[in-house]
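Welcome, and thanks for taking a look at this one with me. Below are some numbered notes to read alongside the model.

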Amino acid sequence: MSTNLETNVIQEIQIQYAAGMDESLKPKSEKDRTVSPLTYIFMWMGDGVNLGNMTLGASLFVAGIATLNIYQTIVAAFISIAITSSIFALNDRLGYRTGIPYVVQLRMSFGEKGAIISSLLRGIPAIIWYGFQSWIGGTALNEIAKIITGGSFDNVAICFVVIQLIQIGISMYGFHAIKWVETLVSVVIIGALIYVFTILLKDHSNVIAEKWVHTKGSWGLPFFGFIMVFMGNYAAIFLSAADYSRELKSGISDKKRGFLYFSPIIVVYGVTLAIGAMLASATGITNPVKAFAIVVDNSYITFFVSIFIVLGAVAVNMVANIIPPTYVIQLLTKMKFKPAVTITGVLAIGSFPWVLVQDSSAKGLGMFILSYSAFLGPIVSILLIEYYIFRKQKVNIADLYKEDGPFSGFNPAAVLAMLIGAGAAFLKVELAWIIGLVVAGIAYILLTKFAFKDSKFKKGTIFEKSKSDDVFKSIS
């Protein structure tokens with residue numbers, strides 16, 4: 001919960017330091033936070049029941065062969081979800097307490113100019129995910145159109161553009177639209193998933209048991225690789241946790257907020273992954289929409305399932321893939337929210353999402369996730385070390401908005417640590433996220449302590465004290 005001092009600082013920033021900045025990037029005050037804990041859970045449930053997670057589960061199958069069995073999948077998913085929820089709860093704290101967005105939080109470590117680089121590394125993957133989810137939604141919308149027209153209409157590209165235009169229109173209203181979209185979708189689509197889950201168990205249990213449950217699988221590199229893909233899948237979201245927590249009503253403890261992440265993720269994400277794997281094992285197809293059409297061989301049911309898929313695609317984009325890159329565009333161009341969110345949607349159209357997932361394999365999606373997560377692991381490591389170790393959770397928020405303040409320019413220690421971590425991650429791309437996280441964290445501590453001794457970014461950190469002591473000794 002914001003203290004009176006923090007509230008005064010927020011008001012000072014809104015009036016003075018952020019005068020030339022769009023309202024959406026200024027700190028959120030308590031009265032502007034309208035998302036309740038229950039709505040927050042629904043929001044993450046809506047994000048979890050998406051075709052990206054289903055495709056991630058389907059990616060366990062390559063040419064019809066499972067790389068992990070069901071037990072290995074469950075253990076890997078549980079480990080991933082536990083780590084994801086923990087990092088969410090840690091990284092959301094600054095945004096929750098002060099109301100600042102992720103692009104401003106980055107200035108704390110990277111500086112005003114350095115934040116541009118690191119924010120692009122969050123924004124670009126989100127735009128590609130935006131396009132991918134919309135392509136999946138467009139595929140489902142095409143199934144609906146084929147049923148309605150008796151097969152005379154069959155054009156996924158047109159449906160892709162249509163669903164994109166709809167999302168641009170909804171996203172104009174920001175988090176106000178997200179609240180009702182997520183609440184509706186999370187309830188409706190979970191019912192659809194339960195139905196599909198029942199159909200799979202009833203009609204395809206033998207094939208699923210043979211190809212997934214009883215397969216040998218591996219506890220080696222494929223097992224840890226799946227954990228890394230899962231972590232990479234959500235690295236971009238928990239990296240920008242401040243963009244979500246700043247909308248949440250005040251007065252919720254850190255432990256309770258951790259529960260708000262863990263409870264929907266452990267249930268909904270896990271079930272969605274499992275359904276993706278079951279669909280792939282039953283049909284041999286890793287595109288969930290096409291697999292649905294085979295498993296549910298009934299035009300009426302396919303029609304309603306396809307509606308749920310469209311809603312799911314819109315839901316996950318509303319949460320994860322629209323607001324963060326929109327903030328990045330605003331940061332770079334000083335543009336207002338509505339034009340920026342429109343540009344985000346147009347860019348997603350040109351992301352070529354159909355290249356990532358083919359009918360026989362979703363390997364392209366996995367490699368895409370691992371590649372960009374090589375940079376996101378280092379960034380989240382740097383942010384957590386900065387906030388919890390270097391600054392002991394004490395940050396002058398007003399300074400983050402000053403163009404000529406202590407966070408102006410760029411912090412070479414943070415930029416170098418990020419590049420070192422990403423470089424190490426690419427040495428073993430299957431384990432990119434964890435390698436980048438660890439190496440960048442160590443590099444950042446060493447570089448900040450021993451290099452760039454006159455760096456202004458040490459102000460307010462544990463290293464400023466030792467510097468002051470040295471000055472005091474020389475005077476005495």
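1. A definition to begin with: the expected span of a helix is 1.5 Å times one less than its number of residues. Helices here are DSSP runs of H or I with at least four residues, strands are runs of E with at least two, and both are numbered from the N terminus. With 16 residues, helix 8 should span 22 Å at 1.5 Å a residue, and this agrees with its end C-alpha atoms, which are 22 Å apart.

2. A word on where the values come from. This is a predicted model, in which local features need pLDDT of at least 70 and side-chain atom pairs count only at pLDDT 80 or more, while totals for chains, interfaces and linings use all residues. Residues are numbered from 1 along each chain as its sequence is written, and side-chain values use heavy atoms, with hydrogens and water left out.

3. Now the overall picture. The protein has 21 helices and 2 strands. Of its 476 residues, 58% are buried, where buried means under 20% relative accessible area, exposed over 50%, and partly exposed in between (1.4 Å probe, protein chains only). Contact means heavy atoms within 4.5 Å. Among contacts between residues at least 6 apart in sequence, 85% join residues at least 24 apart.

4. Back to helix 8, which covers residues 156-171. Its N-terminal end is capped by Asn155, with a side-chain oxygen 3.2 Å from the backbone nitrogen of Ala157. That pair can be read against the rule for a polar contact: N or O atoms within 3.5 Å, where within protein one must be able to donate a hydrogen and the other to accept it, and residues adjacent in sequence count only if both atoms are side-chain atoms. The buried residues of helix 8 are Cys159, Phe160, Ile163, Gln164, Gln167, Ile168, Ile170 and Ser171.

5. Which residues of helix 8 meet helix 16? They are Phe160, Gln164, Ile168 and Ser171, and they meet Phe337, Val341, Thr342, Gly345, Val346, Ala348 and Ile349 in helix 16. The two axes come within 9 Å and cross at roughly 160°; axes are lines fitted to C-alpha atoms, for helices over the stretch in contact, and angles run from 0 to 180 degrees between N-to-C directions. Helix 8 and helix 16 are therefore roughly antiparallel, since angles over 145 degrees count as roughly antiparallel, under 35 as roughly parallel, 65 to 115 as roughly perpendicular and the rest as oblique.

6. Ser109 in helix 7 has 0% relative accessibility; beyond four places in sequence, it touches Ile382, Leu383, Glu386, Asn411, Ala414, Tyr444 and Phe457. Ala413 in helix 19 is at 3%, and its C-alpha lies 5.8 Å from that of Thr448, 35 residues away along the chain.

7. Finally, two lysines in loops. Most residues other than glycine have a negative phi. Lys334, between helix 15 and helix 16, has a positive phi of about 65° and is exposed at 54% relative accessibility. Lys392, between helix 17 and helix 18, has a positive phi of about 50° and is exposed at 52%.
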